[in-house]
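This briefing is meant to be read with the model open beside it.

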Amino acid sequence: MPLWNPTPFIKNLVGFLLQIICILFLYASYTYGMAKNGFFKKFKNIPDRRLYVILTTAAVFGCFLLSVLLHPAVLPPPPGDIRILPETASEDRIITVYDHKLCKTVEQPLEDYVFHALAGEMFASYEPEALKAQACAIRTYVVYKMEHGGCGKYAGADVCTDFASCLAYSRDDEMRMKWGDKTEEYSAKMRKAASDTLGEIITYEGEPINALFHSNAGGETEDVQNVFGGNLAYLKGVISCETADSYKYETEVTFAKEEFFNKLCAQYPDVQSGEICILSRYESGRVETMQAGNLTLSGVKVRAALGLNSAHFDVSVTGDTVVFNVIGYGHGVGLSQAGAQEMATEGFDYKAILMHYYTGVVLERFSDF
Ligand SMILES: [Zn+2]
């Protein structure tokens, strides 16, 4: 961990002042030694000139040492920079993974887990740079989990294979099942995305981030505060470039009115039939609050109760029918997988993709986190 973690402005200011001090000391030494009648002649009464020379030299070296300590290799770089440290411990790091289908906890190298989770989370047909971005997000997600008590569902495991709790995960046999005769090609592609980003994790102010991601942002990601609460500077809403033909960009769901209220009733037993309309939206277009009969519910809660793809929807009521037009897929916070795919298609590399979706972060090698 860095000893000191200033803002980039302060870091630059201190570096600049140190350089000025270095120059002044050098100038003072020169003036004192060479020009007895110069500006620094007042020092002529110092009893031991050698002591002055020693102190001046020590000060110059001190400033030099501090300048070295301010170097990006020692201090975290400003947001948007990439810092790759030479040490990589992630190959050797063993994590505990609870396999919820086999009902057992296994020990697994972190990098091997990243490969299997990547295979579970992303389409093998996606661009290599999009896969690499997702690999970094997965690795960071695990490191963050390990630092925050591990899997919340299965005690004792760092992560589990249940996507509802942690991340999706494909075992070798599951990969063969979904990829068939393309298994060799696709698994090699996934392995490469993991190994090309070996040990790289996303950090903010020197700490691994909570690298949330989702399938399709539908044009704009969401501030984490509006979905999960909390204020994280690196999880703000950003423009996302999914197209209408990207995976699950738009879906339509139809309910009979009675079915609509029955589904809500399972979660909110006090609900009574009545008006259905949207009351307010966030800047991204996702629903903030909605009128559902006698209740005012958040878009996030309506999405969960009805099983909608996202909280970004329009609702129309015609007679006994309630129709939801839903944009995007997932909670909308952090990296959008479909957006990453679009950026990669347009030629952006995985670093640019990550810097876009996670505001003000840097990429570092997993070492002693
Ligand atoms: Zn879990």
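A residue counts as buried if 20 or more other C-beta atoms lie within 10 Å of its own. G218 has 31 other C-beta atoms within 10 Å and is therefore buried. The model discussed here is a predicted one, and its protein chain is made up of 10 helices and 14 strands.

**The chain as a whole**
- Of the 369 residues in the protein chain, 37% count as buried.

- G218 is found in the loop that runs between β6 (213-214) and β7 (250-256).
- Once residues up to four places away in sequence are set aside, the residues that G218 touches are E242, Y249, S310, H312, I327 and G328.
- G218 and Y329 stand 111 residues apart along the chain, while a distance of 7.3 Å separates their C-alpha atoms.
- T203 belongs to strand β4 (residues 200-204), and T203 counts as buried because it has 21 C-beta neighbours inside 10 Å.
- When neighbours within four places in sequence are left aside, the contacts of T203 are with P208, I209, V361, V362 and E364.
- One of these residues, V361, is 158 residues from T203 in sequence, yet the two are 5.6 Å apart in space, C-alpha to C-alpha.

**Nonpolar cores**
- The largest nonpolar core holds 61 residues, and those with the most contacts inside it are L118, I202, I353 and L354.
- Helix α4 (residues 128-147) gives the most to this core, contributing 10 residues.
- Apart from this core lies another, which has 16 residues, including L264, A292, V302 and F313.
- L118 touches L131, Q134, A135, I138, M190, A193 and A194, if residues up to four places away in sequence are not counted.

**Helix α3 against helix α6**
- Two packed helices are described by the angle between their axes and by the distance between the axes.
- For helix α3 (residues 110-121) and helix α6 (residues 183-196), the axes come within 9 Å and cross at roughly 130 degrees.
- That angle makes α3 oblique to α6, and the crossing in which α3 passes α6 is right-handed.
- On the α3 side of this contact are E111, V114, F115, L118 and A119, which meet S187, M190, R191, A193 and A194 in α6.
- Sorted by class, the contact of α3 with α6 has seven nonpolar residues, one polar residue and two charged residues.

**Helix α3 against helix α4**
- Helix α3 also packs with α4, at an angle of about 125 degrees and with the axes 9 Å apart.
- This angle makes α3 oblique to α4, and α3 passes α4 in a right-handed crossing.
- The residues L110, Y113, V114, A117, L118 and E121 in α3 meet L131, Q134, A135, I138, R139 and V142 in α4.
- By class, nine nonpolar, one polar and two charged residues form the contact of α3 with α4.

**Where the topics meet**
- Which residue of α3 ties these topics together? L118 is among those with the most contacts inside the largest nonpolar core, and L118 is also listed among the α3 residues that meet α6 and among the α3 residues that meet α4.

Technical notes
Residues numbered from 1 in each chain as written. Predicted model: local features only at pLDDT ≥ 70, side-chain atom pairs only at ≥ 80, totals over all residues. Core = buried A, V, L, I, M, F, W, Y, C linked by C-beta atoms within 7 Å. Buried ≥ 20, exposed ≤ 12 C-beta atoms within 10 Å, placed from the backbone. Helix = DSSP H or I, 4+ residues; strand = E, 2+ residues; numbered from the N terminus. Contact = placed C-beta atoms within 7 Å. Axes fitted to C-alpha atoms, helices over the stretch in contact; angles between N-to-C directions. Parallel < 35°, antiparallel > 145°, perpendicular 65-115°, else oblique. Left-handed = near helix turned anticlockwise from the far one by under 90°. Nonpolar A, V, L, I, M, F, W, Y, C, P; charged D, E, K, R; others polar.
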